[in-house]
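Here is a short report on one protein chain. It starts with contacts and surface, then turns to the sheet and its helices.

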Amino acid sequence: MAQKKAGDVEKWLSRPDPATRLVLIYGPDRGLVSERARRFAVSSGLDLDDPFAVIRLDAGEVESDIGRLHDEVRMVPLFGGKRLIWLRNAGSHKALAGAVKALLADPPDDATILIEAGDLKKGTGLRGAVENAPAGMALPCYADDARSLEQLMESTFAEAGLNVSSDARLLLKSLLGGDRLAIRGELEKLVLYCRSQSRVEAEDVAACCGDIASASADTIVDAALIGNIDRMDAQIGRFTSSGAAPFLILSSAMRQFQTLSGMRHAVEAERRSVATVIASARPPIFFARRPVMERALQGWTSAAIASALDRLQAAVLLTRKRPDLTLETVRQTMIALAVIANRQASPRRA
C-alpha cells in the first residue's frame with residue numbers, strides 16, 4: 001500500500017522516494033497539510049516562482065474541466081526539465097479521483113503531481129486511488145501529537161539559536177493549541193520576542209503567549225475542574241470546530257489531574273497552604289489560571305482526583321477501541337467530571 005502512518009510522514013518527507021510520481025497530502029489539519037505540501041515542493045529543487053516549472057491548479061476548476069489536469073501532466077516542456085503539478089483544495093471530487101487513478105496507471109516521466117486535500121475516508125475516492133498505486137504516496141496530516149509538537153519546537157528554536165528552559169518548554173506545550181499554522185505562528189512570535197537573548201524562560205512564554213487559543217484543551221479542562229458545564233461544552237465545540245483532535249482534551253485532562261494530585265498531596269501530607277503550593281508549582285501556573293487552580297485544589301479531594309484519573313484512563317482506552325466515538329466519549333467524560341466537581345464539598349481551607 002502506498003501510504004504512511006501519521007508518525008512516519010516526517011521521515012518520508014525528509015527523504016522522498018524519487019520514484020513517486022504523485023503525492024497526496026490530506027487530513028483535517030489544513031495548516032499542517034499546507035506546510036508539508038510546501039516542504040515537498042521545496043524538496044523537488046524547482047523554482048516555486050517559475051510558472052513553467054510549477055503549475056498551480058485548484059481542484060474545483062479541474063473537476064469542471066478534468067481534461068486540463070491530463071493536458072498539464074502530459075505536456076512536453078519547450079525547454080525540457082522536470083515539472084511539478086500542484087493541486088489544492090481537493091476533496092470528494094469523483095472526476096478528479098478517476099483522473100488520478102488513470103494517471104497513476106500510466107505515470108508521467110517528467111512531472112510530479114502534488115495534491116493537497118482535506119480529510120478523506122479510507123479506501124475510497126481520491127485516497128483509495130493513491131493508496132492502491134505503486135507510483136503514488138498518501139500522507140495523512142492530523143493535529144499535532146506530543147512527539148510532532150516536540151519536533152516542531154526543537155527545530156524552530158534550534159534554527160533561532162535559542163536554548164529553552166524545562167519550565168518554559170512545559171508551559172509552552174500546555175498553552176499551544178492543535179492547529180499547525182497557529183502553533184508555528186506562536187513559536188515564531190516567541191522567537192522574535194526573545195531575539196536579544198540566548199535562552200527562553202517560562203516568564204517569556206507567559207508574557208508572549210499567554211493569549212494563545214482561547215478554546216485550548218486546557219481551558220476546557222479548567223471549566224470541568226470548577227464544574228462550569230455550559231462553558232466547558234461551548235469550549236469543546238469551538239476546540240473541535242477549529243480542526244483540533246478531541247483526544248487532546250483527554251491528554252490535557254490526564255496531565256492536569258496528575259498535577260492536581262501532586263499538589264493535593266502537598267496540601268494534605270505536607271501541610272502546605274494552597275497559595276504556597278500554587279506559587280511553587282513547576283511548570284509555573286500562568287497567572288490567569290491561578291484562581292481556577294486554587295478553587296480546584298480546595299474542592300477536589302485526593303480520592304476524587306484518583307477516581308477522575310481512572311475515569312479518564314477508561315475513556316482513553318475506549319477511544320482507542322472505538323475511534324468513531326472519540327468526540328462523544330470525550331464530551332461525556334468531561335461532563336461527568338464537571339458534575340463531580342459540582343458535587344464536591346464546599347471549598348476546603350488548607
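Contacts between residues 24 or more positions apart make up 77% of those with a separation of 6 or more in the protein chain. The model is predicted. Its protein chain has 350 residues, and 49% of them count as buried.

The secondary structure comprises 17 helices and 7 strands. An open sheet is built from 5 strands. Their order is β2-β3-β4-β1-β5, and the pairing is parallel. From one strand to the next, the twist averages 15°.

Inside the sheet, take the pair β1 and β4. Strand β1 covers residues 22-26 and strand β4 covers residues 111-117. They pair in the parallel sense over 5 bridges. I25 has E116 of β4 as its bridge partner.

Two helices that pack on the sheet are set out below. Helix α2 touches β1, β3 (83-90), β4 and β5. Helix α4 touches β2, β3 and β4.

| Helix | Residues | Strands touched | Angle between directions |
|---|---|---|---|
| α2 | residues 30-43 | β1, β3, β4 and β5 | about 170° with β4 |
| α4 | residues 67-74 | β2, β3 and β4 | about 155° with β3 |

Which strands does helix α4 touch on the sheet? They are β2, β3 and β4.

How values were computed: Residues numbered from 1 in each chain as written. Predicted model: local features only at pLDDT ≥ 70, side-chain atom pairs only at ≥ 80, totals over all residues. Heavy atoms only, no water. Helix = DSSP H or I, 4+ residues; strand = E, 2+ residues; numbered from the N terminus. Buried < 20%, exposed > 50% of the residue type's maximum accessible area, 1.4 Å probe, protein only. Contact = heavy atoms within 4.5 Å. Pairing = 2+ DSSP bridges. Axes fitted to C-alpha atoms, helices over the stretch in contact; angles between N-to-C directions.
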